[in-house]
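Notebook open, model on screen.

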Amino acid sequence: SEGRGRQAGVLTRMKKVFFYADQYREEFKKARGKYPSFALYFCAIQEVIWHQLSNDSLSGPITVKDPPYGIGADTTGWPTDELSIPETRQGYGDNSAAIQAFATTINNKVNAAAGWTTDKENAVRIRLYTHNQMNRYQSLITGDVPKPVRPKKVDENNKRLENISFSLYDQAGNKLFDWTSQNQDQEIYLREGHYILRENAA
């Protein structure tokens, strides 16, 4: 992109798109009892990425315009014609409103960046699948968002203990960050791997 794609912070913005899309996907399931279809989910992510990296304005609703492909997708469940898409279908049809609403919600979350922390920044992994024929084929960008770890410190009666200081290290012994136990669930985001959690003070 010739717009925001050439500015600093693109990788962080991409990580936020996939993180908050995954967060809204979980909220969607909690509210409706099932996850949104993959078609709706990934079409919305694509719209948000275009909006975040190309547009002059990052705020406001996203307009889903006449795209060069069509998808018959319900707002929940699988696409209505998941195995074949008629060549005559040129747009999203009745589903454009659903994709627009889903994408706008994700975009607003990305802009607000509520609760964005260093551990989330480090945990989300952006993968680029590309090739040497950029003028002939598209590249693919995906984001891996790990599920949070919820550590807690308890006594022999399984009662939470507060204000206990810990430090988290990677397998090589490098300190990643400090953590203090609280009387409520806390979420820590980590990439898959081996870690060491050491108690500093009781």
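This is a predicted model: local features need pLDDT of at least 70, side-chain atom pairs count only at pLDDT 80 or more; totals for chains, interfaces and linings use all residues.

I call a residue buried when its relative accessible area is under 20%, exposed when it is over 50%, and partly exposed in between.

**Layout**

I started with the elements. The chain has four helices and five strands. Reading from the N terminus, I get α-α-α-α-β-β-β-β-β. The chain has 202 residues, and 36% of them count as buried. I also looked up the accessible surface, which comes to about 12900 Å², with 47% of it belonging to carbon and sulfur atoms. For contacts with a separation of 6 or more, residues 24 or more positions apart account for 62%.

**Salt bridges**

How many salt bridges does a search of the whole structure find? I get eight. I went through some of them one by one.

Entry one is Asp22 with Lys147, whose side chains meet at 3.7 Å, N to O. Asp22 lies in helix H1 (residues 10–32) and Lys147 in the loop between strand E2 (140–144) and strand E3 (165–170), so this pair ties together parts 125 residues apart in sequence. Is Asp22 buried or exposed? Its relative accessible area is 14%, and the cut-off for buried is under 20%, so I put Asp22 down as buried.

Entry two is Glu27 with Lys109, a salt bridge at 3.1 Å, N to O. This pair also links distant parts of the chain: Glu27 sits in helix H1 and Lys109 in helix H3 (residues 96–112), 82 residues apart. Glu27 has 35% relative accessibility, so I log it as partly exposed.

Asp144 lies in strand E2 and Arg127 in strand E1 (residues 125–129), so the pair ties together parts that are 17 residues apart in sequence. I checked cover on both partners. Asp144 is partly exposed at 30% relative accessible area, and Arg127 is partly exposed as well, at 34%.

Which residues do salt bridges with shared partners join into one network? I find Asp22, Glu26 and Lys147 in it.

Next I looked for positive phi outside glycine. Asn158 has a phi of about 65 degrees and is not a glycine. I find Asn158 in the loop between E2 and E3. Its relative accessible area is 55%, so Asn158 goes down as exposed.

Asn163 is another entry, with a positive phi near 60 degrees in a residue other than glycine. Asn163 lies in the loop between E2 and E3. At 63% relative accessibility, I count Asn163 as exposed.

Last stop for today. E3 pairs with strand E4 (residues 175–180) in the antiparallel sense, over five bridges. Which residue is the bridge partner of Leu168 in E4? I looked it up, and it is Phe177. E3 and E4 form a hairpin with four residues between them. Gly173 is in the turn, and I noted its positive phi of about 90 degrees.

How values were computed:
Residues are numbered from 1 along each chain as its sequence is written. Side-chain values use heavy atoms; hydrogens and water are left out. A salt bridge is a side-chain nitrogen of Lys or Arg within 4 Å of a carboxyl oxygen of Asp or Glu. Helices (H or I, at least four residues) and strands (E, at least two) are DSSP runs, numbered from the N terminus. Buried means under 20% relative accessible area, exposed over 50%, partly exposed in between (1.4 Å probe, protein chains only). Contact means heavy atoms within 4.5 Å. Accessible areas come from the Shrake-Rupley method with a 1.4 Å probe; for residues, only the protein chains shown count as cover. Two strands pair if DSSP finds at least two bridges between them.
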